[in-house]
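Here's a quick tour for anyone meeting this structure for the first time. Have a look at the picture, then read on.

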2 protein chains.
Amino acid sequence: MAYPQVAFRNTTFTGKSILASRRNTVAGTTLKTQLDQFKQTGRYDCFELKWHPTYDDHSMWPVPKHLFWDSDLAKWIEGACYFLETQYDEEIDEAIQYLVQTMRSAQQEDGYLNLHYTVVEPKGRWSNLRDMHELYNCGHLIEAALAHRNYYKNDLLLEPMVKYVKLISNTFGPEDHKLHGYPGHPEIELALLRLYTETGNNDAYKLARYFIEERGNPTGQNGEMFYDWEARQRNDSPWKRSDAYKTAGAHWYNQSHAPLLEQPTIEGHAVRALYLLTAVADLLCIEEKGGIAMTRSAEWLATLHRLWDDMVDRKMSVTGGVGAIEQWEGFGLPYFLPQSTPEGGCYNETCASIAILFLAERLLHLDLDSRYADIMELCLYNNVLTAMSLSGRAFTYVNQLGSSSTHPSTREDWFWCACCPPNYSRLMGSIGGYLWDYDVTKATEGGEEACVNVHLYASATLTFPTPSGDTISLSQSSDFPWSGTISFTLAAPTDTPVTLRLRIPSWTNNTFVLDPSLPSSKSPTLQKGYLTLPPSYTSSHSSFTLSFPPSSFEPRWLVPHPYTSQNTVFLARGPLVYCAEDAFNDWETDHFRDVVVRPGSKIVEEERVWKGEGQDEEEKYIALRTRAWKRDLSGWQSGVGPVRQADSTTGESTTLELDNSREIVYIPYYLRANSGGQGHMRVGMIRG
Amino acid sequence: MAYPQVAFRNTTFTGKSILASRRNTVAGTTLKTQLDQFKQTGRYDCFELKWHPTYDDHSMWPVPKHLFWDSDLAKWIEGACYFLETQYDEEIDEAIQYLVQTMRSAQQEDGYLNLHYTVVEPKGRWSNLRDMHELYNCGHLIEAALAHRNYYKNDLLLEPMVKYVKLISNTFGPEDHKLHGYPGHPEIELALLRLYTETGNNDAYKLARYFIEERGNPTGQNGEMFYDWEARQRNDSPWKRSDAYKTAGAHWYNQSHAPLLEQPTIEGHAVRALYLLTAVADLLCIEEKGGIAMTRSAEWLATLHRLWDDMVDRKMSVTGGVGAIEQWEGFGLPYFLPQSTPEGGCYNETCASIAILFLAERLLHLDLDSRYADIMELCLYNNVLTAMSLSGRAFTYVNQLGSSSTHPSTREDWFWCACCPPNYSRLMGSIGGYLWDYDVTKATEGGEEACVNVHLYASATLTFPTPSGDTISLSQSSDFPWSGTISFTLAAPTDTPVTLRLRIPSWTNNTFVLDPSLPSSKSPTLQKGYLTLPPSYTSSHSSFTLSFPPSSFEPRWLVPHPYTSQNTVFLARGPLVYCAEDAFNDWETDHFRDVVVRPGSKIVEEERVWKGEGQDEEEKYIALRTRAWKRDLSGWQSGVGPVRQADSTTGESTTLELDNSREIVYIPYYLRANSGGQGHMRVGMIRG
């Protein structure tokens, strides 16, 4: 298995696409915008270990405002290194080198490396794993170190991280003299497994696996659950807890309420849950590729599938956002998926959908099934891409489906907890690694054979070497996601059989045309949503076209599961979910809360071009126009109670006045909040 | 103003009615059942001040299991005294006398009287007003003392309570040397105002008013909010809090987040909010009747109306239940009114709807508007009456609109926090006082004039004396709530003009017939929902009939406000809301969650008789039969995401198969969980 964070280096974006455009913006603007934020906020030089006024802020508990600074810098370094591969920039290069140098100098003699517990609370190390993100920060630094090493070809950052991992391995583990703890915020597990995979560090593998297997042990530390024991060491009452904990002892917040294998449903903080599951998938991928074997593999795989299905079927918004509940930034009740704050929630943190991409990519290695790639595509093109402005200078953390007066649909330049912006940058830096994966193996008949599994469509070229020194190259070119003709060109040594598997998105209803067609069958069957082109086909067709007919790109109305209690319709086209905002519908002043649409209404497509300030190049998109009505609520006068008599024919409390229909303009959700307006936006309208 | 807890003594129930039947059950069964519970649980002799094993239980914090025992006994004494007025029972009488004797002997020398802080934590008095219910318990004891005095004509319980009030008055108040605190759970305020009204105790009035006016002062105690100051005295971290507090510093839980006059919406624990508002209404009623004037009366009245309307319009279930959120037993977001636990909540505590009756009754004194009586009737006949089994031996605390596997629709014999059962008893003991109110005043032309405002219909007689020594009597006789012909008989001295005002329920759509009719007008106009019969009419018609036509008792479909996001219809008939349960619909095994009904479907009424174990007499009710469909969810197979393509014609994800319709039987909600079954029940079905 090649991690996408490594494999992306074999992908070059060609021609225009949303992904290529967004990559250009991050490289040209966003990385420097974020660097400026670091300089303005004290992050940039924090590893000089001087006191900063922010450290005096005690308004928040238990997490002080500077607690994630280590990880903010780490994610930025990681993303910046990915972009340096293709676009050198001196300012960025120098910033990375400065940061790495200060991090090296900030490392303590025993290997410890953490801002808060070195400068602010030097005697508190490992005293609050539950809340204090010590191991989380380390994980991001490890990921940064791996990216740094791949670009700079030196170990200036990796070396201190390996030393730090050694210290952590000597501190935590199953042995009696070690602490039996695990991180409150999982992250280090997946970082350690990357470290193992890329460098063979066995300590890292063992530590990651220990953290995963020990998590939620009800009697792990001196007969107690670790976090309960740990709190007693601090003399903290069980009822003293951060605002993220719904109740005392709500260990489900960080997925430690039971061993993961015994958890029936996905619960708690969404990013924590998804980083943790990604690491579990890594363990299984390592085993799958002939690495270290897992104990109880089948149960771990079943756990991954069980929790994935629970999330996708019952706890995911139409945009691929997850985490309905703001209080714990996480999962709510099954099917509890309101669209906005006044309706009860909808958080859909950017980082959570990014983490779904991580997890889905691993699951595709374990089980090539397009349902994982469908969700990967859904998250990427909707909840993730919406998180940065087209200018590349402003971001969202929360991605609601509906705005409100207290939570308008707007972006911010920065956040005190700034996890999302650099997470977006590093994902875009490595996004090429998610388009496809490939493998070259020894063929049973001797020689090599190769395969490429294509998950996402854009204009890009994959080039990878074979062990014998040859090169294989696959290009795809298309106008995706606007229309569905994808031209492929394959170049491979004649003696290397190549199998291609092309994902057929579920929203196409499996209608596609391959040209030239496969000789064996008029309507080729799909294997778990992938169309397989065997070597017999690829060897005789170096160019071919996969087309999804125009009908599969027709706008379509979607409805949510009945148990959501949402009498709502959504509009989608291809992989894109659409929304309406007041910038294009100036008649709306109440966040589209009373707007009714009707499946069956005619929808007109309109190709438009977006070119705004800070945008390097024009970008095409397709707007959709249809009819809407405003619901009449005048019958609900005040003070007379909660219900009204239903119309005996329609069952409605009020009759829709069709004469008053008006045009409503929908734009792709990822384009929201780029065009002015007052921040009124909504994805799901009332089904009329 | 006469409190209904006093005025009920002038009402005699005659003939059959649900209310009379339920009163008989409480008198004959429930009071003794509850007394048995007291004896089994340690409550009965707790004021002997011996140690009880329960006191060693530290599993809960901050509220130990015995904390409300004072109030449990007090509410029972209060209710028992009401019933003794009409039905003497030696066992009950002796129990009351024993309890009063132990309470007297438990009083400390300085007047203090509280179980927990005398036996369990003797040095902790007044150290945690926020959580520990000290003043709440005192309030219920005051109410018990007043009921005791009215029946026993002695001060054996009132005397120690007056002494205790003196102590509290010396402890809390605006003076510098006193604490500037107020109860975490309001209750004592309304009790103190009853004490003032019935006995003229000025200390009680001043103390109640202080508690109300000081509440939520952000700088009341040494420049701090009282509960923050108090927590610091205990060395408690702001983040140490009971599970009822959503976040640290969430003072809205007990309505102390701001002075009440400045609170825009009704928030937090529902019973606390409603007891508090009832006391505010009492202050205004006292002023209205010529008692002590309030400061800022108009603002207090506006606050009452503002918070009432917020509750009724945005935070009330169709059954009159309030408090959507289990965690704080209270109000959620506006229009957030799901039906069951898996949908996100629905708590609807019995005590909260009882408190709405208290508040509505006061509001009717301030503003005779049938919208308050409509809600009073709604709460009584649905969320309150459902809280006791027909046998009188089992109770509900929570009254959801829909059951679930974790929360079936069942009753319990008792609760560790047993507020609801004795609250139900004392309400039923005094329910006659809610049917109507009356007044006799000096007429401008000399002599006396009287008025009676009739709020609720049943078969009952009101008899009250006039100051000059005469007697006025008004009888009503009807089959309410099953049909709508109410026969009235009035007997009054010929020289006393009597004005009657008869409530016209909103659900009748104001269709009624008065016979004989009023001479002045063919269609008499209503004043705020009341039909006024002037002395010219009442003096010439000692008997008359008010009839609501059969059409107003036809079953009707109700729909909730669109902002509830509930695509639901409810079935109602007269003041009764209906539900379906599996006991009468044996085809249902999933809590009716997928059941679709259609407004417009034919509904058949069926008169039935209920006669069960422990039921003294047969009781008639009307069941409703109509058609239902089961929603087909087979298209929602697992693992493929959260939405489905809508049918382009119907907008539905699945088409209802009309061939599969089946009969569904609805019964009144107040009768649920009396007929066996597995506890599957639902009020609102999907609107098909």
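With a relative accessibility of 13%, A:Cys417 counts as buried, where buried means under 20% relative accessible area, exposed means over 50% and partly exposed lies in between (1.4 Å probe, protein chains only). Keep in mind that this is a predicted model, in which local features need pLDDT of at least 70, side-chain atom pairs count only at pLDDT 80 or more, and totals for chains, interfaces and linings use all residues. Residues are numbered from 1 along each chain as its sequence is written, chains are lettered from A and ligands numbered from 1 in the order in which they are written, and side-chain values use heavy atoms, leaving out hydrogens and water.

**Around A:Cys417**
- You'll find A:Cys417 in the loop between α14 (370–384) and α15 (420–429) of chain A; helices (H or I, at least four residues) and strands (E, at least two) are DSSP runs, numbered from the N terminus.
- Setting aside neighbours within four places in sequence, A:Cys417 is in contact with A:Phe68 and A:Tyr397, contact meaning heavy atoms within 4.5 Å.
- From A:Cys417 to A:Leu49 it's 368 residues in sequence and 20 Å in space, C-alpha to C-alpha.

**Two copies**

**Helix α9 of chain B**
- Helix α9 of chain B (residues 202–214) has 13 residues and should span 18 Å at 1.5 Å a residue, which agrees with its end C-alpha atoms being 18 Å apart; the expected span is 1.5 Å times one less than the number of residues.
- Its buried residues include B:Ala204, B:Leu207 and B:Phe211.
- The buried residues of α9(B) pack against α6 (134–152), α7 (158–171), α8 (188–199), α11 (270–288) and α12 (297–314) of chain B.
- At the N-terminal end, B:Asn201 caps α9(B), with a side-chain oxygen 3.1 Å from the backbone nitrogen of B:Asp203.
- After α9(B) comes B:Gly216, with a positive phi near 80°.

**Aromatic rings**
- Rings of Phe, Tyr and Trp (its six-membered ring) pair if their centres lie within 6.5 Å, with planes under 30 degrees apart counted as stacked, over 60 as edge-to-face and the rest as tilted.
- That rule gives 73 aromatic pairs over all chains.
- In one of them, the ring centres of B:Trp308 and B:Tyr372 are 5.3 Å apart and the planes sit at 65°, so the pair is edge-to-face.
- This pair links distant parts of the chain, with B:Trp308 in helix α12 and B:Tyr372 in helix α14 of chain B, 64 residues apart.
- B:Trp308 and B:Tyr372 are both buried.
- A ring cluster includes A:Tyr457, A:Trp507 and A:Phe553.

**Charges over rings**
- A:Arg593 lies over the face of B:Tyr563, at 4.1 Å from the ring centre; this needs NZ of Lys or CZ of Arg within 6 Å of the ring centre and within 35 degrees of the ring normal.
- A:Arg598 lies over the face of A:Trp629, at 5.3 Å from the ring centre.

Notes
A polar contact is a pair of N or O atoms within 3.5 Å; within protein, one must be able to donate a hydrogen and the other to accept it, and residues adjacent in sequence count only if both atoms are side-chain atoms.
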